[in-house]
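User: I am new to this structure and would like to learn how its features are read. Please take me through them step by step.

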Amino acid sequence: MRAPTRRTILASITGTLIASLALVGCSAGTASTDGGPDTTLTVGLLATPGNLDYTTTAGAAIPQALLYNVYEGLVKLDNEGTVIPLLAESWTVSDDGLVYDFVLNEGVTFSDGSPFTADSVKFSLERVKDNWTANGPAYLDPIAGIEAVTDTQARITLSTPSNGWLFNMTGPVGTMFTEAGISDLATAPVGTGPYTVSSFKTGDSLVLAANADYWGAAPYLTDVTLRYFTDATAQTNALLSGDINLISGISQFQLVDQFKSDADYQVLEGASTGEVTLSMNNASDAFSDVRVRQAVMYAIDRQAVMDTVSSGYGLLIGSMVPPTDPWYDASLADLYPFDPARAIALLAEAGMSDLTVAFKIPNLPYAVAGAQVVKAQLADVGITAEVTPLEFPAVWLDEVFADHDYDLSLIMHSEPRDVSVFAAASYYAGYDSPAVMAKFAQADAADPAVYVELMKEATRTMAEEASANWLYLQPAISLADADLRGVPKNTPSLALDLSTIAR
């Protein structure tokens, strides 16, 4: 299993909300100024993309905006996290689990007018290995070969059976590109999706327009503006004033209650894959000793952190696995109970009773609030945490994620089923366990009947060895105008699927 050099990190409220609610009452909606139905939408978000190229830029902000909207793959995730067809009409799998034959939808074109064919599949997936440096290129490692059998049949052969690769194809690495459209991915995306990029102002807004030549059902919304805020209070004020219509994944949950009793708005609560994580650099001098990492586990009152940051919304977890994954183990949430005395004893045993650590966090509201609680709790056991907020995404990704220049950080990981990537030695956490990585590889190639148990074994070892402190699972709560229908509630993928929304 090849470890990735960069990886999707989720910060802040990029609890990306995909799912499919039925489009109830789509014909009745707010009227536009010209008397027709209002087919525009403005969404308020916090994490802004630095550019539009998620093949080389880590972070969830770009796929949140573009995946399933501008770009599509052979498959996607539905509301419940099930793999369903998209550009592939159907597929079959050989008895040995190695050969996947995909039948492609006919008449699909990219937004530049070029046709989507099996050659597009071959081109797109083959370039992941050599041209992607972010968002999980290692996810396609099981692929041994790709063949364009006909224009509408693509055959993918795996080197070994894989329980996870098709699921991973629903994410960014499964994106289909046209060869002529990759020259300027950072500013001019070319995809097969229901929308095209109309304009992009870094740090301000991304405007999408309905793709007039879209191969599938036309989206109800013809013009969508993703507006980026640096402050959650300003974001909610914009909703109250009518400047925006939807907050996808609110980050300051104390602001939710004011909307619950207001008939002009709706509060949508769904399932998330966002693990709010206190990352410890396992390769640093401070945390190379497992006893010190375990001390941090005992030192932190995770309920207090969750109460402070999300007003008690969320779920305490003990691993990088949400309840929606088959190998979720609820017992891990109780593995390290809050026990400052035990933490002090472990630090003394490790000879680290007077420890100062560099606590570098993204300058996002949940991270800033959570870091203050963590800092105070660590001080109670003799650890001095020097908190430094870093601009997100640019500075945090460079300094913490890429250069591994930190001791502690606090970030939310939202990419689905990414626990095995977290365990890779080259990842920013620095957790180096060949045995755990071998267990993940064994699980992926195993008979489906034992797949789940092997995944549980590997994730339990990571928890026991305190590879990180997974504080809690971020709730997925969105605020919307009352007349919006089909607003995605759950977050099984990184994408905010706009095609389901209507008035």
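User: How many nonpolar, polar and charged residues are there in the lining of the second largest cavity?

Analyst: A cavity is found on a 1 Å grid over the protein atoms alone, as a set of points where a 1.4 Å probe fits but cannot get out, and lining residues have an atom within 4 Å of a point. Ala, Val, Leu, Ile, Met, Phe, Trp, Tyr, Cys and Pro count as nonpolar, Asp, Glu, Lys and Arg as charged, and the others, Gly among them, as polar. Here the lining of the second largest cavity has eight nonpolar, five polar and no charged residues. The model is predicted: local features need pLDDT of at least 70 and side-chain atom pairs count only at pLDDT 80 or more, while totals for chains, interfaces and linings use all residues. Residues are numbered from 1 along each chain as its sequence is written, and side-chain values use heavy atoms, with hydrogens and water left out.

User: Which residues lie nearest the centre of that second largest cavity, and what is its volume?

Analyst: A volume is the space filled by probe spheres set on the grid points, which are joined across faces, edges and corners. For the second largest cavity it is about 70 Å³. Of its 13 lining residues, Thr48, Ala58, Gly59, Ala61 and Pro393 lie nearest the centre.

User: How many cavities does a search of the whole structure find?

Analyst: The search finds three cavities of 30 Å³ or more.

User: What is a pocket, and which residues lie nearest the centre of the second largest pocket?

Analyst: A pocket is an open set of grid points with protein on both sides within 12 Å along at least five of seven lines. The second largest pocket has a volume of about 280 Å³. Its lining consists of 18 residues, with Leu46, Thr48, Thr230, Asn363 and Phe392 nearest the centre. Ten of the lining residues are nonpolar, six polar and two charged.

User: How are two packed helices described?

Analyst: They are described by the angle between their axes and the distance between the axes. Axes are lines fitted to C-alpha atoms, for helices over the stretch in contact, and angles run from 0 to 180 degrees between N-to-C directions. Helices are DSSP runs (H or I, at least four residues), numbered from the N terminus. In this model, helix H12 (residues 434–445) and helix H13 (residues 448–464) have axes that come within 8 Å and cross at roughly 165 degrees. H12 is therefore roughly antiparallel to H13, a term for angles over 145 degrees.

User: Which residues make the contact between H12 and H13?

Analyst: Contact means heavy atoms within 4.5 Å. Among the residues of this contact are Val436, Phe440 and Ala443 of H12 and Tyr451, Leu454 and Met455 of H13. The contact divides into eight nonpolar, three polar and three charged residues.

User: At what angle do H6 and H8 pack?

Analyst: Helix H6 (residues 290–299) and helix H8 (residues 340–349) pack at about 165 degrees, with their axes 8 Å apart. H6 is thus roughly antiparallel to H8. In this pair, residues including Val292, Ala295 and Tyr298 in H6 meet residues including Ala343, Leu346 and Leu347 in H8. The contact of H6 with H8 has eight nonpolar, one polar and three charged residues.

How values were computed: Helix = DSSP H or I, 4+ residues; strand = E, 2+ residues; numbered from the N terminus. Parallel < 35°, antiparallel > 145°, perpendicular 65-115°, else oblique.
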